[in-house]
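Student: I would like to learn how to read the features of a model like this one, and I would be glad if you gave me the general idea before each case.

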Amino acid sequence: MNELSSILSSPIAQLGASVLTLGQALLFAATLFVALLVVLMVALWRSAKARAVAAAEAADHARDAEARMAGILQAQAEMQGRLGTVAEIFGSRQAELTQSLSQRLDAMTGRLGQTMADQTKSTHESLAKLQERLAVIDTAQGNIQSLAGQVVQLQAILSNKQTRGAFGQSRMEAIVADGLPLGAYEFQATLSNNNRPDCLVKMPNGAPSLVIDAKFPLEAWNAIRAAADAEGAADAQKYAAQAFRRDLEVHIKAIADKYLISGETQDTAFMFVPSESIFAEIHENFESLVHRAHRARIVIVSPSLLMLSIQVIQAILKDARMREQAHLIQGEVIRLMEDVGRLDERVRKLQTHFGQASKDIDDILVSSSKVTKRGEKIEALEFGTGHAGEAEEAPRVPAARAADSKTGQLRLRVVEED
């Protein structure tokens, strides 16, 4: 025992002033061992507890997984049932759709066949109408060919100066003859200077006649049109325009010198242009010619302006004829006023007769009202069966006057009051 105590108290290490003995070292080692053992036990206990908690959680997760699996299986069963229902519905709908499609296809086939039949019928009708129209077109083409021949003939006519003058003359004569009465105009009349204008319109009241000339220089105008299509059109058209201006100035001067005769013809003469387009072209591009003609007292007229002028002259002639017949109209008006006076007198007499008849009717109404009053009084009388004395004492009835009718069929007794 003493040896053990001496062994335990023997120093084994020195740390500064402190001496470490074997007993102290063993005690420290034992203490450390116990502490490590306690720590190990605590760690084991915590590990066991953690494993228990993990096992519990694993059990919970397993239960949750089983519940979820059961729910998934139930949902899968429901889904299978729904899929079966959907399959059945889809099958029935597919059958209905197939039947509907077949019906619609049949109906569409029928309508398509009907439509094709109608379209075929319409096509046949259209082809028939097209053939008719082609026949009409063939006829129109024949007419156009004949018209083209006539146009060629007209061009040949217009290319000749004499026949062209006859063409303008015929248009002017047609307009004048349609607008004026016979005797109001004269074609190719001879003036005092032995010149013969194309038309001479006779004015009323001894006024001088109006001269119309239809000899328009159309060849110069055709030269302008031909120059527009030729090579060097600008120069050619310029020369043609100068030639046209020169020819028209000469023609205006000739009309003024030949046909304007003081006291025999009007101070103004008409130069007839047989085309509206030429008339418009002259006023647009040859304004100097228009002014020159105006200074020479020559009026350039187109077919429409000539027609309007003829209508004005016709109105003047009609007014002159009315003035010539004014005395006859005045006599007729006087006789008409006399008839109106007699009519007024007779109406006044008739009004007097109506007034007398109205007065007689008023008198008759007064008499009828009196008769009605007398009858009411007679109805108001009371007739009794009393004695003679009473009869004598009764008031004396005044004498009644009898009114006899002329026919003897009506007798009235008029009772006068006191």
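Student: Which residues of the largest nonpolar core touch the most other members?

Tutor: A nonpolar core is a set of buried Ala, Val, Leu, Ile, Met, Phe, Trp, Tyr and Cys residues joined through side-chain atoms within 4.5 Å, where buried means under 20% relative accessible area, exposed means over 50%, and partly exposed lies in between, with a 1.4 Å probe and protein chains only. Here the largest nonpolar core has 29 residues, and F216, F244, L248, I282, F286 and I298 touch the most other members. At least two residues of this core come from each of α4 (218-229), α5 (233-259), β6 (269-272), α6 (276-285), α7 (287-295) and β7 (298-301), and α5 gives the largest share, eight residues. These labels follow DSSP runs, with helices (H or I) of at least four residues and strands (E) of at least two, numbered from the N terminus. A second, separate core has 18 residues, among them V176, A214, L306 and L317.

Tutor: Before we go on, keep in mind that this is a predicted model, in which local features need pLDDT of at least 70 and side-chain atom pairs count only at pLDDT 80 or more, while totals for chains, interfaces and linings use all residues. Residues are numbered from 1 along each chain as its sequence is written, and side-chain values use heavy atoms, with hydrogens and water left out.

Student: What does I298 touch, not counting residues up to four places away in sequence?

Tutor: A contact means heavy atoms within 4.5 Å. With residues up to four places away in sequence left aside, I298 touches I252, I255, A256, L260, A269, M271 and A293. For the protein chain as a whole, 57% of the contacts with a separation of 6 or more are between residues 24 or more positions apart.

Student: Where is Q169 found, and which side chain does it join in a polar contact?

Tutor: A polar contact is a pair of N or O atoms within 3.5 Å; within protein, one must be able to donate a hydrogen and the other to accept it, and residues adjacent in sequence count only if both atoms are side-chain atoms. Q169 sits in helix α3 (residues 161-179), where its side chain and that of E173 are joined by a polar contact of 2.6 Å. Q169 counts as buried because its relative accessibility is 11%, and, not counting residues up to four places away in sequence, Q169 touches F187, Q188, D198 and A214.

Student: How many salt bridges does a search of the whole structure find?

Tutor: A salt bridge is a side-chain nitrogen of Lys or Arg within 4 Å of a carboxyl oxygen of Asp or Glu, and the search of the whole structure finds eight. One of them links E186 with K202, whose closest N and O atoms are 3.9 Å apart. E186 lies in strand β3 (residues 185-187) and K202 in the loop between β4 (199-201) and β5 (210-213), so the pair ties together parts that are 16 residues apart in sequence. E186 counts as partly exposed at 34% relative accessibility, and K202 counts as partly exposed at 36%.

Student: Which residues make the nonpolar surface patch?

Tutor: Patches are made of residues with over 30% relative accessible area and no salt bridge, like charges being joined within 9 Å and nonpolar side chains (Val, Leu, Ile, Met, Phe, Trp, Tyr) within 5 Å; accessible areas come from the Shrake-Rupley method with a 1.4 Å probe, and for residues only the protein chains shown count as cover. In this model, F33, V34, L37, V38, L40, M41, V42 and L44 make a nonpolar patch of about 750 Å². L44 has its place in helix α2 (residues 22-159) and is exposed, with a relative accessible area of 53%.
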